[in-house]
Amino acid sequence: MKSKLANMKTLLIVNPFSQGGKSARLADKAMRYLKDKQFKFDTAFTKEFEDAFLLSVKANMDSYENIIAVGGDGTINKVINGFYDSEGNRISNSRFGVIYTGTSPDFCRSYGISTNVIKASDAIIKMKSVNIPIGRIQFCKIQNSKDLSMIKYFACCANIGLGASLARKANSGIRASMGDFFGTLVSLLQLLAAYKGTDYSVALDSKNSKYSNVTNLSIGITAYIASGIKVHRKNNITDDKFYILKTANVRLTNIHKLLKGIYSGKEFVNTPLLSIEYAAKIEIFMNDIHPDVEFDGDPAGYL
C-alpha cells in the first residue's frame with residue numbers, strides 16, 4: 001500500500017557540508033533508499049549556510065506539501081525559519097521533516113526522531129508526525145545597533161552569555177577534532193575558567209526582575225539543548241511557555257556541582273547556582289558586558 005505522501009510534492013533541502021562532508025554520503029544513502037521505495041521527491045542542495053532558509057521560503061511559496069531538512073541542527077533551524085514571515089505567520093500549510101546528518105541531534109533527541117537516515121526516511125514515507133512548538137526571537141544582528149533588529153525562530157534553545165560564547169568557540173573547529181560531546185565540554189571548561197558573571201534585567205511575562213552575577217541564560221523549548229545537556233521540564237508546564245534556565249555565581253569550587261546538575265537531566269531544587277523558571281514571553285535587556293545571543297547551536301547576534 002502506497003503512502004499518501006508519495007503523491008505529494010516533496011522537497012529535500014540538503015546541506016552536504018555538515019560533519020565536514022560526511023553529511024553528503026548520508027544524504028546520498030537516504031535519497032537512494034527513498035528512490036528504491038518509489039518515493040518521489042525533488043532535491044535542492046545548499047552552497048552557503050543561508051541557502052537552506054532561502055530554499056525553504058521558496059518551497060513554501062511554491063506549494064510544496066512536504067519540506068525536509070537534510071543536515072544538522074543549523075540546517076533544521078534555517079529550514080524552519082522559511083516557514084514563517086516576520087510577524088510569526090505561517091507562509092503555507094507545508095509539513096516540515098528531518099533526515100538528520102549532523103553532529104549534535106538535540107532536536108531529534110527531544111522529539112524521538114531517529115538519527116539513522118534509513119529509519120528517518122521510513123518515518124517520512126509512513127507520514128509519522130508530531131506537533132512541535134516554535135520560539136520567536138528578536139535580537140540585533142550588529143552590536144549596539146538599534147536599526148538592525150530582526151526576528152527569527154528557533155526550535156530548541158536560545159542562549160545569552162556563556163552559551164553564545166561557547167557556540168562560537170566550539171564551532172571554530174574543536175568539535176570536529178574532538179567530537180561533539182568532548183569538544184563542547186573542553187570548550188566549556190576553558191571558558192568557565194576565565195568567564196566573569198554579569199547582571200541582566202529580565203522581564204518574565206511583563207514581571208521585571210534583576211538577575212545578578214549570571215554566567216548564562218538558556219531560554220528553551222526542548223529537553224536537549226546542547227551536546228548532552230538535558231533540561232527537566234515539569235509535566236504541568238504547557239507548550240506555550242519557555243523555560244529559562246539560569247546559571248549564576250559560578251566559581252571553580254562549584255563547577256563540578258554545576259556540570260552534574262546540567263548534564264543529569266533530572267529535576268532539581270532552585271539554588272543561587274542553578275535555577276529554572278517558566279514564562280510565555282521573556283525579555284532580556286541590553287547588556288554591554290555579555291550581549292551575545294545564539295540559538296539552535298549557532299551564534300546569531302546580540303541583545
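I take buried to mean under 20% relative accessible area, exposed to mean over 50%, and partly exposed to mean in between, with a 1.4 Å probe and protein chains only.

**Entry: ground rules**

I am reading a predicted model, where local features need pLDDT of at least 70, side-chain atom pairs count only at pLDDT 80 or more, and totals for chains, interfaces and linings use all residues. I number residues from 1 along each chain as its sequence is written, and side-chain values use heavy atoms, with hydrogens and water left out.

**Entry: Ser-275**

Is Ser-275 buried or exposed? I looked it up: Ser-275 has a relative accessible area of 9%, so Ser-275 is buried. I found Ser-275 in strand 13, residues 274–279. Strands (E, at least two residues) and helices (H or I, at least four) are DSSP runs, numbered from the N terminus. Next I listed contacts, which means heavy atoms within 4.5 Å. Leaving out residues up to four places away in sequence, Ser-275 touches Ile-244, Leu-245, Lys-246, Phe-268 and Asn-270.

**Entry: the whole chain**

I then stepped back to the whole chain. The chain has 303 residues, and 50% of them count as buried. Its secondary structure comes to eight helices and 16 strands. Residues 24 or more positions apart account for 69% of them.

**Entry: Glu-294**

Where does Glu-294 sit? I found Glu-294 in strand 15, residues 292–295. Its relative accessibility is 4%, so Glu-294 counts as buried. Its contacts, not counting residues up to four places away in sequence, include Cys-157, Ala-158, Asn-159 and Gly-163. Ala-164, Ala-167, Pro-299 and Ala-300 are also touched by Glu-294. I checked one pair by C-alpha atoms. Glu-294 and Ala-167 are 127 residues apart in sequence, and 7.2 Å apart in space.

**Entry: nonpolar cores**

A nonpolar core is a set of buried Ala, Val, Leu, Ile, Met, Phe, Trp, Tyr and Cys residues joined through side-chain atoms within 4.5 Å. How many residues has the largest nonpolar core? I read 35 residues for the largest core. Ile-67, Ile-76, Val-79, Phe-107 and Tyr-243 have the most contacts inside it. Helix 8 (residues 255–264) gives the most to this core, with four residues.

I went back to Ile-76 for its partners. Not counting residues up to four places away in sequence, Ile-76 touches Ala-69, Phe-96, Val-98, Tyr-100 and Phe-107.

**Entry: helix 2 and its surroundings**

Which residues of helix 2 (residues 51–61) are buried? I marked Asp-51, Ala-52, Phe-53, Ser-56, Ala-59 and Asn-60 as buried. The buried residues of helix 2 pack against strand 1 (10–14), strand 3 (66–71), helix 3 (73–81) and strand 6 (149–154). Ser-63 follows helix 2, and its phi is positive, near 65 degrees.

I looked at helix 3 as a partner. Helix 2 and helix 3 pack at an angle of about 35 degrees, with their axes 7 Å apart. Axes are lines fitted to C-alpha atoms, for helices over the stretch in contact, and angles run from 0 to 180 degrees between N-to-C directions. Ala-52, Phe-53 and Ser-56 of helix 2 make the contact with Thr-75, Lys-78, Val-79 and Asn-81 of helix 3.

**Entry: helix 1 and helix 5**

I repeated the check on helix 1 (residues 22–36) and helix 5 (residues 117–125). They pack at an angle of about 40 degrees, with their axes 9 Å apart. Helix 1 and helix 5 are therefore oblique to each other. Angles under 35 degrees count as roughly parallel, over 145 as roughly antiparallel, 65 to 115 as roughly perpendicular and the rest as oblique. On the helix 1 side I noted Leu-26, Lys-29, Ala-30, Tyr-33 and Leu-34. They meet Val-117, Ile-118, Ser-121, Asp-122 and Ile-125 in helix 5.

**Entry: two positive phi values**

Ser-206 is not a glycine, yet its phi is positive, about 75 degrees. I placed Ser-206 in the loop between strand 8 (198–204) and strand 9 (207–220). Ser-206 is exposed, with a relative accessible area of 57%.

Asn-213 is not a glycine either, and has a positive phi of about 50 degrees. I found Asn-213 in strand 9. Asn-213 is partly exposed, at 32% relative accessible area.
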